[in-house]
Each structure stands twice: as structure tokens, then as C-alpha cells.
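Colleague: I'd like to learn how to read this fold with you, one feature at a time. Where do we start?

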Amino acid sequence: MKDKKFGLLFVVLSLSICSFSQQSNLDKNDSVSTQIMVRIAEIEIHSSYVDEYIAILKEEAQASVRLEPGVICIYPIFQKKHPTQIRLLEIYANKEAYELHLQTPHFKHYKETTMKMVKDLKLIDMTAIDAESMPNIFSKLK
């Protein structure tokens with residue numbers, strides 16, 4: 001049951017792209033896919049650093065969402081059977097918000113302190129398949 005809740009939460013967060021775009025002051029002539037930036041980060045951590053890495057990542061993700069208006073979501077998760085396999089769902093208002101995020105003190109602290117902990121990193125840019133119908137999912141969460 002817990003896995004289903006996390007899966008649903010992952011879908012909800014990734015689909016929040018549409019909800020945000022409808023409430024924002026983005027140019028109405030631009031499509032959602034040209035404004036919103038969605039990325040999945042696939043990170044492998046050295047096993048001796050898992051707990052330390054997770055604590056630093058949690059702090060960074062919370063600060064990013066709380067302090068940066070252009071950061072819609074940084075949702076960190078790890079594979080249940082392989083805790084060294086971390087995934088981040090990242091959603092930014094636009095590319096500029098992402099670029100500003102990279103310059104923040106909390107991101108720089110995260111990057112500098114975890115560099116030695118990361119075994120592998122892949123950044124995968126994503127695009128919503130059906131952005132128009134996705135806001136409907138939120139009505140089911142009430």
C-alpha cells in the first residue's frame with residue numbers, strides 16, 4: 001500500500017506541471033512544455049555515505065522549494081531494495097528558474113558537500129505527455 005501511495009505521489013508531483021502553469025503568469029501563447037522544465041536525476045551514492053547524503057539532500061530539497069519561487073518540486077526518492085539508487089523529480093517554472101537554482105547557497109552547499117559521495121549522476125530532461133488533462137488528478141486527492 002505504501003508503494004502505491006509513493007507511486008501516486010510521484011505521478012501527482014510530476015503532473016503538477018499543468019496545475020502550476022494554469023495559475024502562473026506565464027505567457028499564454030507559449031505551451032506548457034516550452035515553459036516548465038522537468039528533469040529526473042538518477043544518482044548512485046557510495047554505500048558508505050547513504051545516510052549522510054540523504055540528510056543533506058533532504059535539507060537542500062526543502063530549502064529549494066521553500067525559498068525559490070521558480071522551484072515547483074524537488075522530490076527525492078530512493079529504491080526500496082537499493083538505497084544507494086536515488087532519484088529526484090525536479091520541476092522548475094522555466095529554464096531561468098533552474099539556472100537561478102544552481103546559483104543559490106543551499107544548492108552550492110549540497111553540491112560541494114556531496115560531490116565525494118556520488119558514484120554516478122545522470123540528468124534526464126522530460127516532457128509531459130498529456131499536460132492538458134493532468135490537473136484532474138488533484139480532485140481525487142481531496
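Modeller: With the elements: helices (H or I, at least four residues) and strands (E, at least two) are DSSP runs, numbered from the N terminus. From the N terminus on, the order in this protein chain is α-α-β-α-β-β-α-α-β, which comes to five helices and four strands. Before we go on, this is a predicted model, where local features need pLDDT of at least 70 and side-chain atom pairs count only at pLDDT 80 or more, while totals for chains, interfaces and linings use all residues. Residues are numbered from 1 along each chain as its sequence is written, and side-chain values use heavy atoms, with hydrogens and water left out.

Colleague: Fine. In what order do the strands of the sheet sit?

Modeller: The general idea is that strands of a sheet pair through backbone hydrogen bonds, either parallel or antiparallel. Two strands count as paired if DSSP finds at least two bridges between them. Here, four strands make an open sheet in the order S2-S3-S1-S4, and the pairing is antiparallel. Strand S2 (71-79) and strand S4 (118-126) are at the edges with a single partner strand each, so one side of each has no neighbour in the sheet. On average, neighbouring strands are turned by 15° against each other, direction ignored. For angles, axes are lines fitted to C-alpha atoms, for helices over the stretch in contact, and values run from 0 to 180 degrees between N-to-C directions.

Colleague: How many bridges join S2 to S3?

Modeller: Eight, with the two strands running antiparallel. S2 and S3 form a hairpin, with two residues between them, and Tyr75 stands opposite Leu89 in S3. On to the next pair: S1 and S3 are also antiparallel, over eight bridges. There, Val38 faces Ile91 of S3 and Ala41 faces Leu88 of S3.

Colleague: Is S3 enclosed or open to the outside, and why?

Modeller: For that you need the burial classes: buried means under 20% relative accessible area, exposed over 50%, and partly exposed in between (1.4 Å probe, protein chains only). Nine of the 11 residues of S3 are buried, so this strand is largely enclosed by the rest of the structure. Across the protein chain, buried residues make up 41% of the 142 residues.

Colleague: Which residues does Arg87 touch?

Modeller: Contact means heavy atoms within 4.5 Å. Arg87 is in strand S3, and, not counting residues up to four places away in sequence, Arg87 touches Ala41, Glu42, Ile43, Tyr75, Pro76, Ile77 and Gln79. As for helix H4 (residues 95-102), H4 lies across S1, S2, S3 and S4, at about 130° to S3.

Colleague: How many salt bridges does a search of the whole structure find?

Modeller: Side chains of opposite charge can pair when their charged atoms come close. The cut-off is a side-chain nitrogen of Lys or Arg within 4 Å of a carboxyl oxygen of Asp or Glu. The search finds four. One of them joins Arg39 and Asp125 (2.9 Å, N to O), linking distant parts of the chain, S1 and S4, 86 residues apart. Arg39 is buried at 8% relative accessible area, whereas Asp125 counts as exposed at 53%.
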